[in-house]
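Student: I am new to this structure. Could you walk me through how to read it?

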Amino acid sequence: MGQALGCIQVDQSNVAIKETFGKFDEVLEPGCHCLPWCLGSQVAGHLSLRVQQLDVRCETKTKDNVFVTVVASIQYRALAESAQDAFYKLSNTRNQIQAYVFDVIRACVPKLDLDSTFEQKDDIAKTVEKELEKAMSHYGYEIVQTLIVDIEPDVHVKRAMNEINAASRMREAASEKAEAEKILQIKRAEGEAESKYLSGLGIARQRQAIVDGLRNSVLAFSESVPGTSSKDVMDMVLVTQYFDTLKEIGAASKSNAVFIPHGPGAVKDIATQIRDGLLQGNSVE
């Protein structure tokens, strides 16, 4: 009914392009407008002023010959003051933007290796946005934002990168484990050295105590029994220790100690050998 009466409605965030006998006349803002069709006025089309998004997937090669797929997200909109250019100068806006994105990405990425491409994706996005802004401003479009949302290497390259990362982490883990084992061995050796040192002190003190005890026993026995010599006292001590040793061996259920020669008389021979050895050692010195 409105068109029959020569009236049209333009929705919010849109503009309409008015032509008179096929020639551009004016841009109609949102609202109700009168178009006397009998005078050759008509609406050639509508143009949205809303922000639109275009996702572009571009395959290219890096400096180190790795093929990657770069996914760029372009947010753009038509300018109301340049609606005439936006409507008439471009037949397919999305294809035009995609062509510029391909051109810029394939000019930037081949100058970078794979790692640098990931690190400098913001710089790539800024370069794409700058070139797009310069090109699309002539056609009445504004580039709102340009994002590099993903960089996808070839699946085999991705698998190789994961394996390299896993090998590096395993190498670090092995190094840390070896360092820990080294520290444990050092601490264990220090503990054993300290233990042996303390054990040696204990044995030395034990032997000193035995010597002191024997000396005191000899002196006490010599004083208590007149006419006995230190040799007699030592023979008696050796015999006493001999019987104590036999008692301990007999008390043990699984003993494999054997005395050769065996007999109480052998104690005197052992004592003589010890004294002779000590006397020979003193004479040599």
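Student: Is S13 buried, partly exposed or exposed?

Tutor: Buried means under 20% relative accessible area, exposed means over 50%, and partly exposed lies in between (1.4 Å probe, protein chains only). S13 has 28% relative accessibility, so it counts as partly exposed. A word on the source: this is a predicted model, where local features need pLDDT of at least 70, side-chain atom pairs count only at pLDDT 80 or more, and totals for chains, interfaces and linings use all residues. Residues are numbered from 1 along each chain as its sequence is written, and side-chain values use heavy atoms, with hydrogens and water left out.

Student: Where is S13 placed?

Tutor: Helices (H or I, at least four residues) and strands (E, at least two) are DSSP runs, numbered from the N terminus. S13 sits in the loop between β1 (7–10) and β2. Look at its backbone too: S13 is not a glycine, yet its phi is positive, about 65°.

Student: Which residue other than glycine has a positive phi near 55°?

Tutor: That is F21. It belongs to the loop between β2 and β3 (23–28). F21 counts as exposed, because its relative accessibility is 68%.

Student: Now the inside. Which residues have the most contacts in the largest nonpolar core?

Tutor: A nonpolar core is a set of buried Ala, Val, Leu, Ile, Met, Phe, Trp, Tyr and Cys residues joined through side-chain atoms within 4.5 Å. The largest one here has 33 residues. Those with the most contacts inside it are I74, I97, V101, I105, V128, L132 and Y141.

Student: Which elements supply at least two residues of this core each?

Tutor: The strands are β2 (14–20), β6 (52–61), β7 (67–78) and β8 (141–153). The helices are α1 (83–88), α2 (93–108) and α4 (121–136). β7 gives the most, with six residues.

Student: Is L47 buried or exposed?

Tutor: L47 is buried, with a relative accessible area of 10%. It lies in strand β5 (residues 41–48). Compare sequence with space: L47 and Q84 are 37 residues apart in sequence, and their C-alpha atoms are 9.5 Å apart.

Student: How many salt bridges are there?

Tutor: A salt bridge is a side-chain nitrogen of Lys or Arg within 4 Å of a carboxyl oxygen of Asp or Glu. By this rule there are seven. One of them pairs E152 with R57, with the closest N and O atoms 3.1 Å apart. This pair links distant parts of the chain: E152 is in strand β8 and R57 in strand β6, 95 residues apart. E152 is partly exposed, at 26% relative accessible area.

Student: What is the N to O distance between R77 and E142?

Tutor: It is 2.8 Å, in a salt bridge between their side chains. Here too distant parts of the chain are linked: R77 is in strand β7, E142 in strand β8, and they are 65 residues apart. R77 is partly exposed at 32%, and E142 is partly exposed at 24%.

Student: Why are E131 and K134 separated by about one helical turn?

Tutor: Because they are three residues apart in helix α4. Elsewhere, salt bridges that share partners join K18, D25 and E26 into one network.
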